[in-house]
Amino acid sequence: DDLRRRWDDPDLARVGDHPVVFAGLGSHSGAYLQGEYLTSFDPPAFKRFIRVSRKVSRRLLPWTRGNAQAGVGIPYIDYARGDGLSIGPGQDREWSAILVDDATPWVFQYQGLWGNDTADPLGGERGPAGPRYERSGAVRQPWGDVVGWSGLSKVAPSHAVAVELVRRRLELLDADVESLADELEQRRTRLRADAASGVSVNATQEAEMNALAADRVRFADERRRLEARLSSPPPEPGPHDHLRHRHQPLTPETHVRLRLLSGWSAVSTPLLLGVLGLVFLPDRPAAIMSTVALSTVVVLGIEAGARRHFTRYLVGVLVVVGVGLIVGAFALSLIAWGWRYAVAGTFWVLGLVLLVANVKELGRD
């Protein structure tokens with residue numbers, strides 16, 4: 001959804017009937033708005049760690065929930081300024097469209113990479129795969145299911161089609177509700193007959209009947225919502241309503257800040273790898289881990305400053321430190337007092353917190 005734009009989107013630049021795509025320098029990405037983008041590269045070797053870090057960031061830091069690149073990543077600046085060579089009808093260089101599909105031999109038969117495979121563990125220096133296949137050999141979703149990949153499976157082509165789809169759904173719901181009513185009546189009759197004849201009622205059958213009754217209520221509720229939608233259609237959605245994260249270029253920056261961002265994007269990855277290399281040194285593990293932890297906090301702090309959310313990052317660090325201190329204090333209390341006193345203290349603290357919450361609730365009443 002975040003890659004799709006409507007034809008009337010103000011972000012979409014056009015030359016006549018031709019949309020303009022601003023190609024990223026070196027990244028092969030395409031942008032709707034020309035400019036410079038601060039983005040992240042996700043090394044395949046660390047994809048699980050990055051996925052977990054982003055889930056944690058979105059759960060603990062509410063301001064990152066709309067950011068598709070929250071969490072850990074290798075930052076770089078993607079240049080899509082639109083000041084280079086223009087290719088297309090009436091531009092610096094013309095081009096002719098050539099249709100490729102499953103009948104094109106080099107598309108269907110070749111599953112290799114379009115370039116040298118350096119076996120780079122980070123995945124950055126490997127040749128790209130072709131238009132039909134991923135690097136793994138699986139068929140790309142943009143090729144095999146372009147409608148589903150672009151998020152258009154759930155979008156009606158027009159308002160008239162949407163109304164017709166709602167009416168068809170209402171007809172199906174009517175049929176489903178009628179069928180459920182008949183089946184419920186048959187099951188209810190059977191259960192009552194069994195009970196009247198002294199046969200023990202099957203709990204599983206009764207649970208299935210209850211589930212059918214719940215489905216009938218759910219279908220009836222859906223029917224009421226759809227009928228209301230037909231009588232008062234919703235307002236037309238805006239061009240950006242379907243976007244979860246609208247990727248925008250960097251705002252105009254001073255020359256000094258741009259130099260800092262460029263320099264940081266160049267040194268951040270080697271610095272991060274150097275910090276990770278400290279973990280494997282054999283001597284003084286406590287000092288090494290402290291250095292790694294401190295260096296990680298500093299690196300992420302610089303990254304947060306570059307992305308203009310240093311204050312929120314600092315709050316997150318303080319929260320983590322606070323939780324660590326509480327856990328450490330609990331562990332020390334286990335050692336100093338014994339586990340019974342520590343557990344008793346935990347219950348007392350929880351009770352106090354609950355008491356405060358209840359008193360506040362009484363105050364509201």
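## Nonpolar surface patch

H10 gives the nonpolar patch its largest share, five residues. Helix H9 (310–337) and helix H10 (339–364) each supply at least two of the patch residues; helices are DSSP runs (H or I, at least four residues), numbered from the N terminus. The patch consists of Phe330, Leu332, Leu334, Ile335, Trp339, Val343, Phe347, Trp348 and Leu350, with about 1,000 Å² of accessible area together. Patch residues have over 30% relative accessible area and no salt bridge, and nonpolar side chains (Val, Leu, Ile, Met, Phe, Trp, Tyr) are joined within 5 Å. Areas come from the Shrake-Rupley method with a 1.4 Å probe, and for residues only the protein chains shown count as cover.

## Basis of the model

This is a predicted model: local features need pLDDT of at least 70, side-chain atom pairs count only at pLDDT 80 or more, and totals for chains, interfaces and linings use all residues. Residues are numbered from 1 along each chain as its sequence is written, and side-chain values use heavy atoms, with hydrogens and water left out.

## Salt bridges

There are 16 salt bridges, each a side-chain nitrogen of Lys or Arg within 4 Å of a carboxyl oxygen of Asp or Glu. In one of them Arg132 pairs with Asp102, the closest N and O atoms being 2.7 Å apart. Arg132 lies in the loop between helix H2 (105–108) and helix H3 (141–144) and Asp102 in the loop between strand S6 (74–80) and H2, so the pair ties together parts that are 30 residues apart in sequence. Strands are DSSP runs of E, at least two residues.

Glu222 forms a salt bridge with Arg169 at 2.9 Å between the closest N and O atoms. Asp1, Arg4 and Lys154 are linked in a network of salt bridges.

Notes
Patches are made of residues with over 30% relative accessible area and no salt bridge: like charges are joined within 9 Å, nonpolar side chains (Val, Leu, Ile, Met, Phe, Trp, Tyr) within 5 Å.
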